[in-house]
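Biologist: Before we discuss this protein, could the sequence and the structure be put up, and could the terms be set out as we go?

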Amino acid sequence: MDEKLALLAKVPLLAGLSDKELQAVGRLADEVDVPAGKVLAKQGDSAEEFFVIIEGSVSVERNGQHLRDMHAGNFFGELAMLARLARTATVTTTAPTRLLVVGHREFTSLLSSMPTVQDRVLHAVAHLITTLEPDRTT
């Protein structure tokens with residue numbers, strides 16, 4: 001297995017995919033290294049990419065307020081991509097960071113061709129939404 005596939009296999013979102021599925025993801029995703037301080041997504045901008053953090057870390061801010069830090073294995077950009085919304089937060093690297101970047105067309109293809117990945121992304125979105133609502137009772 002080449003280095004890119006080995007990295008993909010370590011990402012929780014993709015854990016459990018077969019080698020064939022990982023190869024398909026690998027063909028859809030670009031591996032990118034970015035320095036600390038790079039804005040990857042800006043609140044209010046249109047969404048064209050989905051990101052998976054392979055190494056490094058990012059800071060997530062909304063309206064200038066820090067929301068959370070994200071590290072290897074985390075992903076972002078799925079909400080704006082799924083709903084074709086403007087970016088809901090600004091994401092900036094806080095260390096040199098290696099990412100997998102999937103464009104909108106490839107993201108749609110990935111979700112439609114791999115139900116396991118689609119399920120994990122939708123579960124993550126649902127979890128994110130419930131954690132953003134204060135004192136939600138169901």
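Modeller: A nonpolar core is a set of buried Ala, Val, Leu, Ile, Met, Phe, Trp, Tyr and Cys residues joined through side-chain atoms within 4.5 Å, where buried means under 20% relative accessible area, exposed over 50% and partly exposed in between, with a 1.4 Å probe and protein chains only. This is a predicted model, in which local features need pLDDT of at least 70 and side-chain atom pairs count only at pLDDT 80 or more, while totals for chains, interfaces and linings use all residues. Residues are numbered from 1 along each chain as its sequence is written, and side-chain values use heavy atoms, with hydrogens and water left out.

Biologist: Which residues of the largest nonpolar core touch the most other members?

Modeller: This core holds 26 residues. At least two of its residues come from each of α1, α2, β3 (49-55), α3 (78-83), β8 (97-103), α4 and α5 (115-132). The residues that touch the most other members are Leu13, Leu14, Phe50, Val52 and Val117.

Biologist: Which residues is Val52 in contact with, leaving aside its neighbours within four places in sequence?

Modeller: Contact means heavy atoms within 4.5 Å. With the neighbours within four places in sequence left aside, the contacts of Val52 are Val11, Leu13, Asn74, Phe75, Arg98, Leu99 and Leu100.

Biologist: How many residues does the second, separate core have?

Modeller: Its members include Val34, Ala41, Phe51 and Leu99. The size of this second core, which is separate, is 13 residues.

Biologist: Which helices do the buried residues of α2 pack against?

Modeller: Helix α2 spans residues 19-28, and its buried residues are Leu22, Ala24, Val25 and Gly26. The helices against which these buried residues pack are α1 (3-9) and α4 (104-113).

Biologist: What is the relative accessible area of Gln43?

Modeller: Gln43 lies in the loop between β2 (39-41) and β3. Beyond its neighbours within four places in sequence, Gln43 is in contact with Glu61, Arg62, Asn63, Arg87, Thr88, Ala89 and Thr90. Gln43 counts as partly exposed, with a relative accessible area of 28%.

Technical notes:
Helix = DSSP H or I, 4+ residues; strand = E, 2+ residues; numbered from the N terminus.
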